[in-house]
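Biologist: Could you put the fold up on screen and talk me through it?

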Amino acid sequence: MNAADPGAGAAPAFAPGTAPAIEEARPEDVAELARIAAEALPGAFSADGFRDELARDDAHVWVVRRSGRVQGYLAARVLDDVVEVLSIAVVPAARRSGVGRALIAHAITAAPAGARLDLEVRAGDAGAQAFYGALGFVAVGRRPRYYRGGEDAVLMTREAAPADKAGALP
Ligand SMILES: CC(C)(COP(=O)(O)OP(=O)(O)OC[C@H]1O[C@@H](n2cnc3c(N)ncnc32)[C@H](O)[C@@H]1OP(=O)(O)O)[C@@H](O)C(=O)NCCC(=O)NCCS
């Protein structure tokens with residue numbers, strides 16, 4: 001990794017107390033998104049998968065950038081009463097700096113009034129479950145053998161309560 005390359009090797013530098021800015025992904029981001037997804041998650045979206053999401057009216061792929069490089073993304077479908085969080089990942093060098101929190105907060109602000117956010121997470125992924133739990137999600141069910149290879153999914157949900165519209169999260 002080149003020391004001047006902020007994509008994976010550098011420490012994140014988001015100003016303390018400020019949330020990273022969120023923007024919609026662009027078609028030219030799909031290769032970078034697919035690389036981040038493939039590194040972070042087994043069976044995650046491919047470049048074609050991201051392209052398909054970007055083409056859908058009900059779908060969003062939100063990103064946080066630093067120095068032009070994507071630091072993390074969240075793919076979601078925004079329906080009438082539910083926001084389905086399909087995939088979220090942050091590059092390893094930017095983890096635990098609030099990127100994931102900012103992406104979830106943004107999904108909450110995009111949710112229709114009274115909606116909830118739903119997602120599935122691997123039953124064995126304690127880190128991701130701790131992340132969602134820290135952001136107010138609770139486990140509400142389980143899908144046996146949901147993932148290829150036979151791992152169960154835990155269903156987690158949280159309300160997009162009006163108090164969160166300003167981006168305040170637990
Ligand atoms: C899960 C993931 C998206 C979190 O993103 P992130 O930017 O590192 O998360 P944040 O910095 O916003 O963390 C917010 C809070 O969540 C909790 N949290 C985050 N990651 C955690 C972990 N690995 N273990 C325990 N708690 C965690 C902490 O309470 C954290 O606050 P703190 O750092 O002040 O203690 C990131 O670790 C990732 O990309 N992992 C690989 C892909 C993945 O697991 N995706 C989800 C699959 S469903």
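This is a predicted model: local features need pLDDT of at least 70, side-chain atom pairs count only at pLDDT 80 or more; totals for chains, interfaces and linings use all residues.

Modeller: Residues are numbered from 1 along each chain as its sequence is written.

Biologist: What is the mean pLDDT of the chain, and over which residues is it below 50?

Modeller: pLDDT is the predictor's confidence in each residue, from 0 to 100. The chain has a mean of 88, with 85% of its residues at 70 or more. The stretch where pLDDT is below 50 covers residues 1-13.

Biologist: What is the strand order in the open sheet?

Modeller: Strands here are DSSP runs of E, at least two residues, and helices are runs of H or I, at least four, numbered from the N terminus. Two strands pair if DSSP finds at least two bridges between them. Pairing in this open sheet of seven strands is mixed, and the order reads β1-β2-β3-β4-β5-β7-β6. The edge strands, each pairing on one side only, are β1 (23-24) and β6 (138-143).

Biologist: Do β3 and β4 run parallel or antiparallel, and which residue in β4 is the bridge partner of A75?

Modeller: β3 (residues 69-78) and β4 (residues 82-90) are antiparallel, joined by seven bridges. They make a hairpin with three residues between them. A75's bridge partner in β4 is S87.

Biologist: Which hand does the β-α-β crossover from β4 to β5 have?

Modeller: β4 pairs with β5 (residues 116-122) in the parallel sense over three bridges. The chain gets from β4 to β5 through helix α3 (residues 99-110). A crossover counts as right-handed if, with the strands pointing away from the viewer, the path from the first strand over the helix to the second runs clockwise. This one is right-handed.

Biologist: Which element gives the most to the shell around the ligand?

Modeller: Of the 20 residues around the ligand, R95, G100, R101, G127 and A130 come nearest. β4, α3 and α4 (126-134) each supply at least two residues of the shell. The top contributor, with five residues, is α4.

Biologist: Is P42 buried or exposed?

Modeller: P42 sits in the loop between α1 (30-40) and α2 (47-55). Buried takes 20 or more other C-beta atoms within 10 Å of a residue's own, exposed 12 or fewer, and partly exposed lies in between, with C-beta atoms placed from the backbone. P42 has 11 C-beta neighbours inside 10 Å, so it counts as exposed.

Notes
A residue is near a molecule or strand if its C-beta atom, placed from the backbone, lies within 6 Å of it. Two residues are in contact if their C-beta atoms, placed from the backbone, lie within 7 Å.
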